[in-house]
Amino acid sequence: MSVSDLLLEIGCEELPSSFVESAIASLPELATKRFAGLRLTHGAVRAFGTPRRLALLVEGLAEQQPDLSEEVLGPPVRAAFKDGMPTRAATSFAEKLNVTVAELRRIDTPKGEYLAATRSETGRAALELLPAALEGIIREIPFRKSMRWADFDFTFGRPIQWLVALLGNAVVPLTIASKTSGRSTLGHRFLAPAEVKIDSPAAYVDILRKAHVLVDPQERRAALVDALAKACKEAEGTLIEDEFLMGENSSLVEEPYVVVGSFEETFLSLPERVILEVAKGHQRYFGLRSADGKLMPRYLTVVNTALEPALIKKGNDRVMRARLADAQFFYSEDLKIPLAGRRDKLAGVVFQKRLGTVLAKAERIERAGAAIGERLGLPDTITEVAREGANLAKCDLVSLMVGEFPELQGDMGASYALAQGRSRAVAEVIAEHYRPKGASDSTAKGVPAALVAMADRIDTIVGCFGIGLSPTGTADPFGLRRAMLGVLRTMLDHSFDIALPDLVQIAHSGYAAGVLEVPLADLQTKLGDFAGERLRGLLVDDGSSDAGRGSRFPADVVRACLAVGHAKPIDVRRRAAALAGLDAETRAQVGEVFKRANNIASKAPEGEPLPPSGEVHASEAALFEAYARLAARSSEIEKTDDYAALLREVASIAPVMSKYFEDILVMSDDMDVRNNRLRLMRSISERCARVARLELLTEK
């Protein structure tokens, strides 16, 4: 069967960076699904994009559908006929396949007698099918917001300006929003603005490269990295790397150029974080450091053209200077008021209309952070720092600087605290209690900051769940899943051995009577399950990085440990680590024998097993002897929580149990013997139940 490459390019007005990234990510799947439905085979599918265009390149697309002949199962015969006459179910099935009811066959299936028929279709040419298929793909590209323009009944991320659609050398006829497809695209807006002809899909990337458009996002990013490195050398500085800025700038240009800008050294008196946020948040500029690690009065801006760089620098410097001047004014004005003097203003900021103000939340956090520290048995010096930091933690929310740059919350509070004579430990609490800010962010480093970070999040979680605002499906407007992950990650990173029900109780006690509708006991149960699911995700080894997340373990190990209980995450991790310490083959054997033992144990009567009497099989004597050792060792181990030692005993008993099951019939006709064997199974299972449900190790 003949094949040809397919190219689709959608030219449009400038798309935001996030629109380009989401479209590139979704296009291959949209195309693959669409072509599978059309029975058109193909090779590799690649997506490209810049602010002015989105493109799809499909290698080796079949030029013709294969003929179709397949048996299709219809409705049950009992539903297809009534009193010997066909029902609507039968006639609809026949119409769907373009046959008569008389041509339908009856076939026997495991579910009964059904109607069936053969559907036959002659394969159509891909050129006939592609116009509708490509339009469907274009309509399905997801954008956070879409636009309508003119009077067209069509939406897209930005108005479409041109279309290219080629199957091999042939143009695929396609018209969307008055734009008709052809083989002409546009080069770089400034450096090659003329029309460019695409000879073939395979030549697309090379042709656009010559027109100063790097349509391949990986190639464009590599060019950006090279341009930044060259500019750093020119500026005699080191780039302050920022993955967000790399992704954003890479998707904002078609061919990256870097211009070195500068600002007055007097602005370096501002906190470094302020300068970098001004550069990043509003202008998408990169910062530079000198050889001694200090921030330089220079920045790098990524632009879309190499024309008149001096003019670009002049304009960007003017904007940067104005923004820094604003920041300098905010900073000097904010310092005139002590940080603690802003606390009362928090009473005018609503946290949540039913949960009160930010001031009320700050007061709860202050009490909860200290209470968590006391419950953990931490020194008074630690809890006092946590208390003082929590008292000031939210005060910068009503500062001028944070009002203009919300991303600086916490950082500005810390800067103001240090400038006004507070200790560095207190400043760290203010700055770090917002951490982790995302999945890739680390948790608070200091113990006092970690206490306040947990108190802040658990207060939000308990408050929202307590008034019925729990997440539903994918909707989580208050970020409660992320908040719980933050609590758990902080506990794991700092080895805070506190029970989740205790955390919930501490947070619950901070709310005035009548504010929360859900009783404490119900909240503890509900949030225990909620936390358990998040804990599973943190502990299971899914092949991703563990940075900042503690150890990860096989999924069946985590499942077995969580089934015993997840009230104390640190204990769950210890148990999982001990169980994962057994090699995979041993764990599999343990899982198999304990699954059988657990099934049998459910039939056991009350009482402890007795040593087998009289002449007994060697396997039965060996198992009771091994059980006696396990019972003795487990009693000692329970005092020290040495789970690894207990599981070594379990590993040693597993082969004995396996041999026992081969040689011994547990369900003996002698009821006394049977009951004693059942008690033995139950006792062995119960000895290990504190660590994990070992029978779950066999489940996928």
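In the second largest pocket, helix α14 provides the largest share of the lining, with 5 residues. The model examined here is a predicted one. That second largest pocket holds about 420 Å³ of space. It is lined by 16 residues, and Asp411, Ala414, Ala431, Glu432 and Arg435 sit closest to its centre. Helix α14 (424–432) is joined by α8 (272–282) and α13 (411–419), each of these elements giving at least two residues to the lining of the second largest pocket. Sorted by class, the lining of this pocket comes out at 10 charged, 5 nonpolar and 1 polar residues.

Next comes the largest pocket, with about 860 Å³ of space. Here 29 residues make up the lining, and those closest to the centre are Gln409, Tyr434, Asp456, Arg457 and Arg482. At least two lining residues come from each of β19 (350–352), α10 (358–375), α15 (447–466) and α16 (480–494). Helix α16 gives the largest share, 5 residues.

Now for a pair of packed helices. Two packed helices are described by the angle between their axes and the distance between the axes. For α6 (residues 217–235) and α7 (residues 243–250), the angle is about 120 degrees and the axes lie 10 Å apart. The two helices are therefore oblique to each other, and the crossing of α6 past α7 is right-handed. On the α6 side, the contact is built from Pro217, Arg220, Arg221, Leu224, Val225 and Leu228, while α7 brings in Glu243, Met246, Gly247, Asn249 and Ser250. Taken by class, the residues of this contact between α6 and α7 are 5 nonpolar, 3 polar and 3 charged.

Conventions:
Residues are numbered from 1 along each chain as its sequence is written. This is a predicted model: local features need pLDDT of at least 70, side-chain atom pairs count only at pLDDT 80 or more; totals for chains, interfaces and linings use all residues. Side-chain values use heavy atoms; hydrogens and water are left out. Axes are lines fitted to C-alpha atoms, for helices over the stretch in contact, and angles run from 0 to 180 degrees between N-to-C directions. Helices (H or I, at least four residues) and strands (E, at least two) are DSSP runs, numbered from the N terminus. Angles under 35 degrees count as roughly parallel, over 145 as roughly antiparallel, 65 to 115 as roughly perpendicular and the rest as oblique. A crossing is left-handed if the near helix is turned anticlockwise from the far one by less than a right angle, and right-handed if clockwise. Contact means heavy atoms within 4.5 Å. Ala, Val, Leu, Ile, Met, Phe, Trp, Tyr, Cys and Pro count as nonpolar, Asp, Glu, Lys and Arg as charged, and the others, Gly among them, as polar. On a 1 Å grid over the protein atoms alone, a cavity is a set of points where a 1.4 Å probe fits but cannot get out, and a pocket is an open set with protein on both sides within 12 Å along at least five of seven lines; lining residues have an atom within 4 Å of a point. Grid points are joined across faces, edges and corners, and a volume is the space filled by probe spheres set on the points.
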